[in-house]
Each structure stands twice: as C-alpha cells, then as structure tokens.
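Hi everyone, thanks for coming.

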Amino acid sequence: QVQLVESGGGLMQPGGSLKLSCEASGSIALINTMGWYRQAPGKQRELVATITRDGRRNTADFIKGRFAISRDNAKDAVNLQIDSLKPEDAAVYYCNAQERATTYWGKGTLVTVSS
C-alpha cells in the first residue's frame, strides 16, 4: 500500500510562483512513475507532468516552460514548480504514483489564482 500527501497549495495572484510537494510512504519500492494531475471546476482531471525513477518526463503541452517537475528518490517525493501563474491554472492538484498494476492518488491540494 502507498500513501501520498500533497502540500503547497494556496491563494495566489496572477504572475506569482508556487511550489507543490508530494511525499510518498508505504511500499514505495514498487513505484516507478510519480507525477501531478489537476482538475478545475467543471473539467476533467488532466495530466500536468509525470517523472520516472530514472528521470524520464511526460508533460502536458500547456506547461510551456512555466512548470517544472522534479523527483527526489531519497526523500520519496515529487515536486512541481509553477511560475507565472495564470487564472486558468486554478485547480485541485493531485499527486499520482503508478505501479505496474496499481494507481495511487493523494487527496489533492487546492491552488486558487485570482486578482
């Protein structure tokens, strides 16, 4: 079993920066891929970015250089740096971890972007 805990969300102004963090615990040796998804009101949950243990990344097109995903294997953590926040970035951001046959989700952290 794997548990994921996100942190770092909050109320932000457009143009600001934010760092989200997710720490994993449990049977983490079985996890290859970790990453972030987000869900805005009235929309489906969508991929933001994922990263494997050996650093291979899969990212959504909307990132456009404003988002950066990183992974700290020693800390069993995956981070997401968001710069130049836009109102459309407002969403609940969910941490994700993937075994070969099982997907795990955190409870999410809310990012609000409003002027």
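Strand β3 (residues 18-26) and strand β8 (residues 77-82) run antiparallel and are joined by 6 bridges. Strands here are DSSP E runs of at least two residues, numbered from the N terminus, and two strands pair if DSSP finds at least two bridges between them. Within this pairing, S21 stands opposite N79 in β8.

Before I go on, a word on what you are looking at: this is a predicted model, where local features need pLDDT of at least 70, side-chain atom pairs count only at pLDDT 80 or more, and totals for chains, interfaces and linings use all residues. Residues are numbered from 1 along each chain as its sequence is written, and side-chain values use heavy atoms, with hydrogens and water left out.

How confident is the predictor? pLDDT, its confidence in each residue, goes from 0 to 100. The protein averages 94, and 100% of the residues score at least 70.

Now, which cysteines form a disulfide? C22 and C95 do, with their sulfur atoms 2.0 Å apart. The rule asks for a pair of cysteine sulfur atoms within 2.5 Å, and by it the count comes to 1 disulfide. This pair links distant parts of the chain, 73 residues apart: C22 sits in strand β3 and C95 in strand β9 (residues 91-98). The link of C22 and C95 is left-handed, with -80° about the S-S bond.

Are these cysteines buried or exposed? Buried means under 20% relative accessible area, exposed over 50%, and partly exposed in between, with a 1.4 Å probe and protein chains only. C22 counts as buried because its relative accessibility is 0%, and C95 counts as buried at 0% too.

Last stop: T50, in strand β5 (residues 46-52). At 9% relative accessibility, T50 is buried as well. Not counting residues up to four places away in sequence, T50 touches T33, M34, G35, Y37, R56, R57, N58 and I69, where contact means heavy atoms within 4.5 Å.

Methods: pLDDT is the predictor's confidence in each residue, from 0 to 100. Helices (H or I, at least four residues) and strands (E, at least two) are DSSP runs, numbered from the N terminus.
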